[in-house]
Amino acid sequence: MELQQVSRGNGSTSNNSSTNLAPLLTGQFSGNRSDQKKAKALSDAIDRSLRADRERQLREGGIKLLILGPSETGKTTVLKQLKLLYGRKGLDVERQTYRRVVHLNVMKAIQGLVEGMEQANIQLGNPENAVHVETVRRLETTLKRYSITTIGVPNPAIPRKITDAKAETDMFADMVPAIKSLWTDPGIQRTFNTCTQLSIQDSAKYFLDAVDRVSDPEYTPTDDDILQARVRTLSVSEHIFDIDGVAYRPYFDDVDAIIFMSALSAYDQGCEDNPNLNRLQDCLLLFNEISNHKLFLNTSMIVFLNKIDIFQRKLLSGSMVNRYFPDYNGPNDYFSTTVFFQYRFLEQCKDLQKQVYTHFTHATDTKQMKVIVVAVNVIIQRLNLRNSGLL
Ligand SMILES: Nc1nc2c(ncn2[C@@H]2O[C@H](COP(=O)(O)OP(=O)(O)OP(=O)(O)O)[C@@H](O)[C@H]2O)c(=O)[nH]1
Ligand SMILES: [Mg+2]
């Protein structure tokens, strides 16, 4: 496959320093307090200057990478992993914002379970929990008022007192007894373990098991909490990373590589807006469009077959792939079914000269993602060298 020429960040500093250091570079330092201050200011200014230069270099050059895929396949999670693995501040910038996201995720989870229990006509194990069911039913309006659309951007639709962190913590704390009683109720547990079409997010159990920890007034989300937390992305964002000296930046036209995200675990789910359309089937159709699109003629395609942990769990619980993909006649084990889906993705791309790479991923697992990112980096560097005639 032919690739466009790509340029790389080389880690060196430029002479066109974007920060003017001249005023700080004049004068001698004797070691007294005011000189120490000056030295610190100088050191900070140099750091800032180096960072600004490096970022400008990355912006001007670099491999252009786009992460695409249907909703809930793990795009934001991969981005978070890149920040953790290669970003300067990891996830610190957004850490406090996620406190509220986690609380919302917990409330959404218990609400989804109560709805699922009622739809499946499952009875509460402990009738005394009926009062808590009522509390959760009333949650809808609260959740609407609290709903977050874009992280870090104030939403004018949210009343000011609700954006107040203390008010939010208090509101959540009021809900905790109901959430805890319901989550341990045998009826809710049965719903969670037996209903396959629940509208709850994948991390529901992770957060419901951690209610005590996340409701602590001093609670600060951990990296794992942030990876598990879910907010739908409504905006397009650009991020710049430097992976082993190679700069990556996402772009829409002229991209060098696309990471196409799919969720293997969605093989038994319907689409949110059209429950009759299988989610993984819909994802295959989208990949067909993307991989054959003339805009991406020279673009490497790297498909992440994500959420393999959930996929494996579903298989182990006895869920049959051929119930949802009737053309699959093989055994219902992990190896055979993943090969089948891998082939289904590969066959979408009609250009036989074009390389499509696939990886089975578990995007919330930082260790696994580190290995995957290194492998992807190797692929892209090799394609880059081949294109420039060096390989
Ligand atoms: N168990 C598990 N959960 C995952 C995996 N990848 C992502 N998730 C979870 O799936 C949910 C959705 O992931 P996101 O990264 O928000 O999905 P997205 O593609 O950005 O979704 P949109 O912003 O709606 O387009 C989050 O709660 C993640 O923690 C995985 O491999 N395994
Ligand atoms: Mg997202």
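So, to start: where is the place of Thr233? Thr233 sits in the loop between H12 and E2. Those labels follow DSSP runs counted from the N terminus, with helices being H or I of at least four residues and strands being E of at least two.

Before I go on, some housekeeping. This is a predicted model, where local features need pLDDT of at least 70 and side-chain atom pairs count only at pLDDT 80 or more, while totals for chains, interfaces and linings use all residues. Residues are numbered from 1 along each chain as its sequence is written, chains are lettered from A and ligands numbered from 1 in the order written, and side-chain values use heavy atoms, leaving out hydrogens and water.

Okay, the overall picture. We've got 17 helices and 6 strands. Of the 391 residues, 43% are buried, meaning under 20% relative accessible area, with exposed being over 50% and partly exposed in between, using a 1.4 Å probe and protein chains only. Take the contacts (heavy atoms within 4.5 Å) with a separation of 6 or more: 75% of them are between residues 24 or more positions apart.

Back to Thr233 and the metal. The magnesium ion, ligand 2, is coordinated by OG1 of Thr76 and OG1 of Thr233, at 1.9 to 2.0 Å. Donors here are N, O and S atoms within 2.8 Å of the metal, or 3.2 Å for Na, K and Ca, and water isn't among the atoms, so the site may look incomplete.

Thr76 is partly exposed at 30% relative accessibility, and so is Thr233, at 44%. Their side chains also make a polar contact at 2.8 Å, that is, a pair of N or O atoms within 3.5 Å, one able to donate a hydrogen and the other to accept it, where sequence neighbours count only if both atoms are side-chain atoms. An unreviewed UniProt entry puts "binding site" at Thr76 and Thr233; annotations like that may be inferred rather than shown by experiment.

Last stop, helix H16. Residues 334–346 make 13 residues, reaching 18 Å from first C-alpha to last, close to the 18 Å expected (1.5 Å times one less than the number of residues). At its start, a side-chain oxygen of Asp333 comes to within 3.3 Å of the backbone nitrogen of Phe335. Its buried residues include Phe340, Phe341, Arg344 and Phe345. Among the elements covering the buried residues of H16 are strand E4, helix H13 and strand E6.
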